[in-house]
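Okay, thanks for coming, everyone.

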Amino acid sequence: MSVGVTEENAGRAAAEPDRLLSIGTFARRSRLSMKALRIYDRLGLLTPAFIDPANGYRRYRESQLGTARLVAMLRRLDMPLAQVGEVVSAPADTAADLITAYWDAVESRVAGQRALVAQVRAEVLGARGSAAGFAIAEREVPEQLVLTAQQHLVVTGLSDFISSTARRLNTSAQAYGGRTAPLFVVYHGEVNEESDGPVEVCVPIDGSSQVSPDIATRREPTHREAYVRLRKEEVVFPQILTAFDAVHQWTHEQDRSITAAPREVYFADFLAAAPADEVCDVAFPIR
């Protein structure tokens, strides 16, 4: 008998019209302010079902409440409106993946900021750039012929530039016997939210190769490096800046001179590595 009642109720609900709600009622039920609803309308994120041409009053369908509540929850996660729009317009599985990716990025950023807080505290307490906690070593690096690409960019574009340029240069290197040493990224200037480098990606190849004049190359001179080895989970901005500061401070403490721009040397497959795997050296050429 209970099944019959459920089916009857479901049929009645399906027959009821999708009611129009005033913006005030819709705001209360969706937990969004009327001001927010007007902004989302202008952005095309949540548009009214009907706008009275005479007085401009907005009406929303009751069926839009689910979308409105989703928007409200995403905004409580501080998700930017552009990303909220992507989630709202995506199929359920894709939307779930977008939310996961957003929160993974938030957690990564917070982890980096947590490390930066420790660095700032150390500076305030007078331990600026301390090398404590970092195992800094030295090595000799031979002269290398490198395929190279350079660009001015701020930190938001850094990861995409490195990955896409690395793929392109590694492909080009195949014509000359392949890469002969780890790829490295040289920072010829500060790179952050405001400063734009430039940044240079270098792929070493056989030094005796005859390279097409259409391909940019240069010779990296032999030098000595001071470096510190990092795990993948440490190679995130701004956390990685602590490593740069530590090596820089070590050179000062050891009365050594920095002879060229700092770099990151990627000796492992970064994408395939686990968070705890060692993947990268932060290095400074010294004498």
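Before anything else, when I say salt bridge I mean a side-chain nitrogen of Lys or Arg within 4 Å of a carboxyl oxygen of Asp or Glu. Also, this is a predicted model, so local features need pLDDT of at least 70 and side-chain atom pairs count only at pLDDT 80 or more, while totals for chains, interfaces and linings use all residues. Residues are numbered from 1 along each chain as its sequence is written, and side-chain values use heavy atoms, with hydrogens and water left out.

Strands here are DSSP E runs of at least two residues, helices are H or I runs of at least four, both numbered from the N terminus, and two strands pair if DSSP finds at least two bridges between them.

Look at β6 (residues 183-187) and β7 (residues 199-205): they pair antiparallel over four bridges. V186 has E200, in β7, as its bridge partner.

Now, which residues of α8 are buried? They're T242, A243, F244, A246, V247, W250 and T251. Buried means under 20% relative accessible area, exposed is over 50%, and partly exposed is in between, using a 1.4 Å probe and protein chains only. Just after α8, D255 takes a positive phi of about 55 degrees.

Back to the charges. There are 16 salt bridges in the structure. One of them joins R224 and E138, at 2.7 Å from N to O. R224 sits in β9 and E138 in β4, so this pair ties together parts that are 86 residues apart in sequence. Both ends are partly exposed, R224 at 29% relative accessibility and E138 at 28%.

E200 turns up again here: E200 and R218 make a salt bridge, with their closest N and O atoms 2.7 Å apart. E200 is buried at 2%, whereas R218 is partly exposed at 24%. R218 also forms a salt bridge with E220, at 2.6 Å between the closest N and O atoms, and E220 counts as buried at 5%. Through shared partners, salt bridges join R139, E200, R218, E220, E225, R229, R263 and D281 into one network.
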